[in-house]
Amino acid sequence: MGTCGLLVREGRPMRLRLTEAARHFLAAGDELYLIGVLHANVRFIGEALAGVGEGTTHIELNRVAVEQYGLGWESLDQVRRRVYWLRAAGLVEFWSNGRIVLTERGRRFLPLLELAKPEDLAHRRKSPVTDLELPPPPALLAAGLEGLDQAALRERKIPTGYVAGGWRVEGISRLVNAAVPEIDRDGFTDFCVEEFGVSESSAEQTLQTLRALGFLTQVGADAFAASDLGASCLASGEALDLIRLLHMRVALVGETLDAIADEVKAAGLVGLLARRYPGVQLTREETTRRVALLLETGLAERIGLVIRRTELGTALVGTLPLLDPSDDTDPAGGAVGERPDPPRTTESVADVPDWRELLAAEIVRAATDSADYQRFERAVAGAFRALGLEVEAHSGPKKTDVVIDLWRSPTGQLRVAVEAKTDGAGLVTDQDVKFLRLGEHRARHGAQHTLLVGPRFDPRVQREAADGGVALLTAEQLADAVLRHGRTPLAPHEISGLVTVTDASVLEPVWQAAERRQDVLSQVLLALWRSGNDPVDIEHSAGALGVRDIWRETKGALETPLERQEIEEALEFMASPFVAAVAQHHGDHVVTVPPALVAARLRALAAVIDAAGGASAAAGGAVTDSPEPSPQSVPVPAPRQERGAAVGAVAVTAAEGVDPRLVRKWAKGQGRVISERGRLSSGLIKDYRRARGLAGD
């Protein structure tokens with residue numbers, strides 16, 4: 001409601017109040033006034049009403065939003081929401097033939113709205129030129145930029161640190177200006193508390209950040225002043241000089257500007273920078289801070305879901321010395337025609353970015369390689385293995401390409417027949433898909449659902465898929481899921497939404513909730529660690545923080561401040577004996593170990609769980625030796641060739657062409673009693689093969 005112009009935050013502590021527009025609506029009850037407020041604050045409200053014309057469909061209206069207004073929506077969700085509002089206000093009707101039609105009320109209301117002109121929007125402008133004249137940097141700053149060689153660029157700070165008021169040009173300028181000609185520590189603290197409403201410990205963190213970045217310098221026992229560089233940037237009055245100075249001190253500021261030469265989706269920028277500069281791993285939060293500065297200073301612009309450089313940004317980046325991209329991490333090069341070997345355990349993308357990045361790139365490229373359709377089938381199978389699902393690769397006449405199994409509950413398994421369609425033009429049409437045959441494939445393999453994967457799908461395919469209960473998934477969506485799963489792994493039952501619905505965006509709230517939990521844990525631990533190392537906090541409270549204190553310390557770090565329950569859940573997790581990172585202190589909480597040790601403990605637990613998982617999956621839990629990727633699921637260590645019955649079990653089932661682990665899992669799901677080790681009976685194997693449609697293969 002805040003972004004819609006109905007609520008605002010104000011005061012200390014932060015409170016919510018209705019805007020004047022919201023109060024007027026409640027008093028008058030005029031729904032047309034409410035639509036006007038929404039139109040003034042949200043894109044494509046009145047424009048959607050105008051786009052209805054003499055009648056249209058949701059698909060056609062979405063095309064208007066994408067092609068004319070550059071909104072980049074990949075699903076109909078946003079259009080449907082706007083149509084719901086227009087219908088509720090009586091401005092349009094939705095007819096049984098699937099068309100949206102203007103009402104007489106809508107025709108009268110439309111001329112009252114001032115609409116955006118597509119030709120004036122950023123996405124319609126020509127590509128940025130490079131001959132824009134820039135104001136020169138101050139002499140001291142120019143000398144510093146000239147001295148930036150590759151070694152100096154590699155040594156720049158990665159984390160930006162905390163700054164009172166957030167990472168904004170205006171806020172940083174005010175902080176630096178407060179130290180002209182100089183200021184003592186107490187004076188700086190008072191300034192931060194009064195101007196930005198932060199705690200004294202946050203003011204101290206701000207001071208340390210500005211010193212580390214070269215904006216402030218110490219000039220006395222407890223006195224600080226703007227550095228020569230900081231003062232020169234302040235005197236110039238040019239926001240570009242602040243970006244230049246940050247580029248000197250902070251990693252991947254100018255490089256981020258360089259990376260958005262073309263339109264880049266905000267969600268994919270972290271991965272793009274990781275591919276270019278594998279030695280400098282930025283978090284989502286750090287990347288967002290850099291982008292926010294570029295947007296604020298007019299060096300970049302946001303167009304719907306994408307970000308691109310402006311003319312000013314193109315001119316500036318041409319004057320900055322940049323870190324050389326890595327020559328061996330670009331997924332566009334190298335031999336990626338085959339599925340890369342995944343790691344032996346499901347590690348995060350930060351630890352092993354190469355294989356996930358390569359796989360994601362291969363999925364997208366193979367989707368348009370019509371000359372080798374099996375290449376796309378291999379890529380799709382590899383993607384679902386990377387998502388932690390059980391995969392059977394089939395292909396051939398009267399068979400689906402891939403079958404995946406996932407457990408939605410301890411006793412409920414979901415089986416999905418996957419059809420992979422390539423198209424050289426990047427668009428799967430109704431001529432490429434025989435929906436009747438998809439149903440036959442589903443029945444043959446005993447699957448409950450069918451999933452169609454391709455580069456993109458035309459509207460007719462989308463309609464037929466919706467009518468036939470076939471889920472659609474684009475190659476780009478699947479590639480994005482592989483990357484996000486590496487950073488934030490989801491459980492199979494959570495991923496089920498990706499493979500069973502026609503709109504993959506329904507999984508977005510699940511990703512966001514999982515990523516939010518990671519951010520919460522990180523912010524709570526960081527706040528405790530800062531307080532535990534703050535001399536002032538230690539003197540007054542032994543570095544301990546309560547839930548309210550943690551909320552106050554972290555409220556500016558994330559776009560949505562932490563909830564009390566989120567903080568309490570994070571504290572409870574870190575206080576458990578398995579992590580032992582937080583302890584109680586007079587009702588508050590204090591950190592007991594450094595964040596690096598917390599991460600090390602969690603990695604050690606992960607290694608133990610991986611080993612246990614591999615052992616239980618192996619016949620009888622045999623000790624693992626040289627691990628090999630499993631052909632059926634996320635790779636786990638294979639059993640060493642021990643003596644006795646366990647060896648026989650592996651040999652027999654391998655000869656039958658099935659994985660003994662999957663046979664045991666299937667048998668348990670059917671309620672059959674099965675031992676954890678020993679030779680599997682031929683009858684059981686036959687039953688498994690018959691149930692999986694493998695008989696006679």
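Trainee: Which residues of H9 and H10 meet each other?
Mentor: In this predicted model, Gly 171, Arg 174 and Leu 175 on the H9 side meet Phe 188, Phe 191, Cys 192, Glu 195 and Phe 196 on the H10 side.

Trainee: And how do the axes of those helices lie, in distance and angle?
Mentor: Two packed helices are described by the angle between their axes and the distance between the axes. Here the axes of H9 (residues 169-177) and H10 (residues 185-196) come within 11 Å and cross at roughly 150°, and the crossing is right-handed.

Trainee: Is Cys 192 buried or exposed?
Mentor: Cys 192 counts as buried because its relative accessible area is 0%, which is under the 20% cut-off. Cys 233 is buried as well, because its relative accessibility of 9% also falls under 20%.

Trainee: How many disulfides does the structure hold?
Mentor: The structure holds zero disulfides.

Trainee: Let's move to the cores. Which residues of the largest nonpolar core touch the most other members?
Mentor: That core has 60 residues, and those touching the most other members are Phe 188, Phe 215, Leu 246, Ile 260, Leu 269 and Leu 316. Helix H13, which spans residues 239-249, gives the core its largest share, namely six residues. Apart from this core lies another one, of 40 residues, including Ala 360, Ala 366, Phe 384 and Val 402.

Trainee: What is Ile 260 in contact with, leaving aside its neighbours within four places in sequence?
Mentor: With those neighbours left aside, Ile 260 is in contact with Leu 269, Leu 294, Ala 300, Ile 307, Arg 308 and Arg 309.

Trainee: Which strands does S10 pair with?
Mentor: S10 pairs with S8 (residues 264-265) in the antiparallel sense over two bridges, and in that pairing Val 264 stands opposite Ile 307. S10 also pairs in the antiparallel sense with S9 (residues 300-303), over four bridges, and there Ile 303 has Val 306 as its bridge partner.

Trainee: Changing topic, in what order do the strands of the five-stranded open sheet come?
Mentor: The order is S11-S12-S13-S14-S15, and the pairing is mixed. At the edges are S11 (390-393) and S15 (470-474), each of which pairs on one side only. On average, neighbouring strands of this sheet are turned by 25° against each other, with direction ignored.

Trainee: How many bridges join S14 to S15?
Mentor: Five bridges join S14 (residues 449-454) to S15, and these strands run parallel. Within that pairing, Leu 451 has Ala 471 in S15 as its bridge partner.

Trainee: Which helices pack on the sheet?
Mentor: Helix H19 (residues 373-386) packs on the sheet and touches S11, S12, S13, S14 and S15, with its direction making about 155° with that of S13. Helix H23 (residues 492-500) packs on the sheet too, touching S12, S13, S14 and S15, and its direction makes about 145° with that of S12.

Trainee: Last one: how many helices and strands are in the chain?
Mentor: The chain has 31 helices and 17 strands, and buried residues make up 46% of its 697 residues. Among contacts with a separation of 6 or more, 62% are between residues 24 or more positions apart.

Methods:
Residues are numbered from 1 along each chain as its sequence is written. This is a predicted model: local features need pLDDT of at least 70, side-chain atom pairs count only at pLDDT 80 or more; totals for chains, interfaces and linings use all residues. Side-chain values use heavy atoms; hydrogens and water are left out. A nonpolar core is a set of buried Ala, Val, Leu, Ile, Met, Phe, Trp, Tyr and Cys residues joined through side-chain atoms within 4.5 Å. Buried means under 20% relative accessible area, exposed over 50%, partly exposed in between (1.4 Å probe, protein chains only). Contact means heavy atoms within 4.5 Å. A disulfide is a pair of cysteine sulfur atoms within 2.5 Å. Two strands pair if DSSP finds at least two bridges between them. Axes are lines fitted to C-alpha atoms, for helices over the stretch in contact, and angles run from 0 to 180 degrees between N-to-C directions. A crossing is left-handed if the near helix is turned anticlockwise from the far one by less than a right angle, and right-handed if clockwise.
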